[in-house]
Amino acid sequence: MVEEFAFDNADERRKVRHNGTGWIEVIAGSMFSGKSEELIRRLTRARIARQKVQVFKPGIDVRYSDEEIASHSGQKHLSIPVADTAGMMEHVHDDTEVVGIDEAQFFDMAIIAAVNELAERGKRVIVAGLDQDYTGKPFEPMPQLLSVAEFITKTHAICVKCGATANYSQRTVESEARVEVGASDKYEARCRKCFVPHADAPTPE
Ligand code: ADP
Ligand code: ZN
């Protein structure tokens, strides 16, 4: 296996590896914080090292393509769209070494038991997702996934109003639906000071 983690504790990692089990890595943060970029980076490196990689995304996220996960900056990786956790588990092959999951906040709560099971079956599971909804509330099942993960990476964007570290996804269109799929047409990255927990006018170009 290739040394792979950007931010994690190497000693802990070796302990995990020596007994043959897998582990869970979670990449969490606001929109535009680089979660998909970081996920794609890790998956690409595993593939280059000839590890067997499978990537899943919820069927709801068809912004760019049915068969790919994509970052806002245009990087891509093949993925399998699935309706729910059960659908994902049906697709995981026994010889898969690395399982990637993007947009994990759109999965059902069964994802927690599922990623634990995959790790126990010896797989490296890399999960990326939004940790807060557009009002700043924890976005299940991300809090639970963060709790069970061996390794956690928090990513940040840059506040479009003031340039500070952005931890929030500001909705810029009127809607009270928790899930309003979109990108820079409907959201922008904001810091704690500039975030308002409801729709707010977008920053002028
Ligand atoms: P996420 O998966 O967290 O939504 P992506 O990996 O898809 O993030 O996209 C990250 C990219 O978004 C950055 O590399 C940059 O090109 C772009 N981006 C757009 N707005 C911002 C912002 N306010 N701060 C940082 N990056 C931004
Ligand atoms: Zn700000």
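Four donors count as tetrahedral if all angles lie between 85 and 135 degrees. Donors here are N, O and S atoms within 2.8 Å of the metal (3.2 Å for Na, K and Ca); water is not among the atoms, so sites may look incomplete.

This is a predicted model: local features need pLDDT of at least 70, side-chain atom pairs count only at pLDDT 80 or more, and totals for chains, interfaces and linings use all residues. Residues are numbered from 1 along each chain as its sequence is written, chains are lettered from A and ligands numbered from 1 in the order in which they are written, and side-chain values use heavy atoms, with hydrogens and water left out.

Now the zinc ion (ligand 2). Its protein donors are the SG atoms of Cys159, Cys162, Cys191 and Cys194, at 2.3 to 2.4 Å. The four donor atoms subtend angles of 103 to 116° at the zinc ion, so the arrangement is tetrahedral. The sequence spacing of these donor residues is C-x2-C-x28-C-x2-C.

Turn to ligand 1. Of the 15 residues around it (a heavy atom within 4 Å), Lys35, Ser36, Glu37, His72 and Ile158 come nearest. Polar contacts are pairs of N or O atoms within 3.5 Å. A polar side-chain atom of Glu37 lies 2.4 Å from an oxygen atom of ligand 1. A backbone N or O atom of Ile158 lies 2.8 Å from a nitrogen atom of ligand 1.

Methods:
Polar contact = N/O pair within 3.5 Å; in protein donor to acceptor, adjacent residues only side chain to side chain. Tetrahedral: all angles 85-135°; square planar, octahedral: opposite > 155°, others 65-115°.
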